[in-house]
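Morning, everyone. I'd like a few minutes on charged pairs. Here is the model.

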Amino acid sequence: MNNTTLEEIVGEVSQRSYLDPKDIPCLDLYMDQIMTLFETFLSNHKRNEDDKLITKTMINNYSKEGILKPIKGKKYSKEHIIQMLIIYSLKNTITIQEIKNVLAPFHEDTKQIEPIYQQYLDTIKSLIEDKSNDIINFIQESHYDCDDAESLLSLLLIISSLSTFYQNIAQKIIDNYYKED
């Protein structure tokens, strides 16, 4: 059996880092530099050590598909990097086509994405702290036991269902506010 407690797992996941806009260089970056930036700031998001957070293929596909604002040359601006961070945050919940629809208004020069991303960071950190405390309290009050297969399966089903619940809300927001004509 693993010696990690359920509370430690929740604590570890809740401590994942984010890439703050102030940590993104104002200079345009090449793909390799973007991949290094992701690895430097987001490596604790990996499930396995050799997982890739972002790849050259992903960046190329996001550019080709028009998910990212068009680039000039081979360098990506701070705004492109923020768009990549948003894609990274959304891609496990909604489809790439839906992300494209969500980001399309931000391809115009009049729409600024950085303040929205900053607001997201400020809010999500607080929400994760609150929800982590709620989950830890729930685990302790319900007396879930890591060494008991039934107990662990029950908790896994509950956590999975909550994840699906949040994903369904995100999908309904897409369905209601980002309808394709």
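Is D134 buried, partly exposed or exposed? D134 is partly exposed, at a relative accessible area of 44%. The cut-offs: buried is under 20% relative accessible area, exposed is over 50%, and partly exposed lies in between, with a 1.4 Å probe and protein chains only.

Some ground rules. This is a predicted model, where local features need pLDDT of at least 70, side-chain atom pairs count only at pLDDT 80 or more, and totals for chains, interfaces and linings use all residues. Residues are numbered from 1 along each chain as its sequence is written, and side-chain values use heavy atoms, without hydrogens or water.

Back to D134. Its salt-bridge partner is K131, with the closest N and O atoms 3.6 Å apart. By salt bridge I mean a side-chain nitrogen of Lys or Arg within 4 Å of a carboxyl oxygen of Asp or Glu. K131 is partly exposed too, at 40%. Both residues sit in helix α6 (residues 114-142), three residues apart, about one turn of the helix. Helices here are DSSP runs of H or I, at least four residues, numbered from the N terminus.

How many salt bridges does this rule give? Six.

Next pair. K56 bridges to D32, closest N and O atoms 3.2 Å apart. K56 lies in helix α3 (residues 56-64) and D32 in helix α2 (residues 31-42), so the pair ties together parts 24 residues apart in sequence. K56 is partly exposed at 40%. D32 is partly exposed at 42%.

Last one: D23 with K22, at 4.0 Å between the closest N and O atoms. D23 is partly exposed, at 31%. K22 is exposed, at 66%.

How values were computed: Helix = DSSP H or I, 4+ residues; strand = E, 2+ residues; numbered from the N terminus.
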